[in-house]
Amino acid sequence: NPVLNFDGFENFYCFKDTLININVNPVGGILNGNGINNYTFNPSLAGSGYHNITYTYGSGNCSQSIDTVIFVNDEFVSSTYSTKDTICLGELITIGVNVSGGTSNYSFSWNNGLSNSFQQVVSPISTTNFIVTSLDGCSDDNIDTIPIVVLPTFNLNFTTSSKRCFGEIGNAVVNAIPNGNYTYVWNTNPI
């Protein structure tokens, strides 16, 4: 009977979509277990937790096998938040990212020149996609987008009739610039 062995496995893996080549001896047997495809191992396909990997060579009474146990860390996940997704020009909002899993050695990288904190206070001057990359130094990076819509500003011009005495009829006209589909609510109380 041949002596079986395999190498290429580590005891610990980050939850990462990568292929690890496994060398088996003698060649021709079956490598089996979560995350195994032929003679490669993918930690993200295996999933988090402990996994038993077995190499079997031969068949029937001549079958022999060896195995090993490996551990895949929890998946590194992220979710974003914002206090509002639509603002008026000049308004401040808070945006950020929550992360869990992975190795807990978290770091963050934002576009638009923002700091490396998990949370930011922003006031964009136009509709902006804020992109944050979350890293744990081991797992696949998470890239998330937080879209913030900035509503266009408008100006109001008022034209009124000359001053009138109580009870006389006058008028007031308002024009919004730029032109658009605006709704006006007039307070005519007490008249």
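This is a predicted model: local features need pLDDT of at least 70, side-chain atom pairs count only at pLDDT 80 or more; totals for chains, interfaces and linings use all residues.
Reader: What is omega for the cis peptide bond that joins Asn25 and Pro26?
Author: The bond from Asn25 to Pro26 is cis, with omega of about -5 degrees.

Reader: Where is Pro178 found?
Author: The peptide bond from Ile177 to Pro178 is cis, with omega near 5 degrees. Pro178 itself is found in the segment after S18.

Reader: Which residues make the nonpolar surface patch of about 560 Å²?
Author: Tyr184 is a member, found in the segment after strand S18 (172–177). Tyr184 counts as partly exposed because its relative accessibility is 39%. The patch is made by Phe154, Leu156, Phe158, Tyr184 and Trp186.

Reader: Which residues touch the most other members of the largest nonpolar core?
Author: This core holds 16 residues. Strand S8 (49–57) and strand S9 (64–72) are the elements that give two or more residues to this core. The residues that touch the most other members are Phe6, Phe9, Tyr13, Ile22, Leu31, Phe41 and Ile53.

Reader: What does Tyr13 touch, not counting residues up to four places away in sequence?
Author: Tyr13 belongs to the largest nonpolar core. Leaving out residues up to four places away in sequence, Tyr13 touches Gly8, Ile20, Phe41, Pro43, Ile70, Phe71, Val72 and Asn73.

Reader: How many residues are in the other core that lies apart?
Author: Among the members of this other core are Val97, Trp110, Val132 and Ile148.

Reader: How far apart are the sulfur atoms of Cys14 and Cys138?
Author: A search of the whole structure finds one disulfide. Cys14 and Cys138 form it, and the cut-off for such a pair is 2.5 Å. Their sulfur atoms are 1.2 Å apart.

Reader: Why does the pair of Cys14 and Cys138 tie together parts that are apart in sequence, and by how many residues?
Author: Cys14 lies in the loop between strand S2 (12–13) and strand S3 (20–21). Cys138 lies in the loop between strand S15 (128–135) and strand S16 (142–151). The pair therefore ties together parts whose separation in sequence is 124 residues.

Reader: What is the handedness of the link of Cys14 and Cys138?
Author: Look at the angle about the S-S bond. With 90 degrees there, the link of Cys14 and Cys138 is right-handed.

Reader: Is Cys14 buried or exposed?
Author: The cut-off for buried is under 20% relative accessible area. Cys14 has 7%, so Cys14 is buried.

Reader: Is Cys165 buried or exposed?
Author: Exposed needs over 50% relative accessible area. Cys62 counts as exposed at 53%. Cys165 has a relative accessible area of 53%, so Cys165 is exposed.

Reader: What is the N to O distance where the side chains of Lys84 and Glu91 meet?
Author: Side chains of opposite charge can pair when their charged atoms come close. The count comes to one salt bridge, with a cut-off of 4 Å. Lys84 counts as partly exposed at 38% relative accessibility, and Glu91 is partly exposed at 22%. The N to O distance between Lys84 and Glu91 is 2.4 Å.

Reader: What separation do the C-alpha atoms of Leu89 and Val150 have?
Author: Leu89 has its place in the loop between strand S11 (86–88) and strand S12 (93–100). Leu89 touches Pro124, Ile125, Val150, Leu151 and Thr153, not counting residues up to four places away in sequence. Leu89 and Val150 are 61 residues apart along the chain, and their C-alpha atoms are separated by 6.1 Å.

Reader: Does Thr133 count as buried or exposed?
Author: Thr133 lies in strand S15. Thr133 touches Ser107, Phe108, Ser109, Asp141, Asn142 and Ile143, not counting residues up to four places away in sequence. Relative accessibility is 18%, so Thr133 counts as buried.

Reader: What phi does Asn38 have?
Author: Asn38 is in the loop between strand S6 (36–37) and strand S7 (40–41). Asn38 is exposed, with a relative accessible area of 61%. Asn38 is not a glycine, yet its phi is positive, at about 60 degrees.

How values were computed:
Residues are numbered from 1 along each chain as its sequence is written. Side-chain values use heavy atoms; hydrogens and water are left out. A nonpolar core is a set of buried Ala, Val, Leu, Ile, Met, Phe, Trp, Tyr and Cys residues joined through side-chain atoms within 4.5 Å. Buried means under 20% relative accessible area, exposed over 50%, partly exposed in between (1.4 Å probe, protein chains only). Helices (H or I, at least four residues) and strands (E, at least two) are DSSP runs, numbered from the N terminus. Contact means heavy atoms within 4.5 Å. Patches are made of residues with over 30% relative accessible area and no salt bridge: like charges are joined within 9 Å, nonpolar side chains (Val, Leu, Ile, Met, Phe, Trp, Tyr) within 5 Å. Accessible areas come from the Shrake-Rupley method with a 1.4 Å probe; for residues, only the protein chains shown count as cover.
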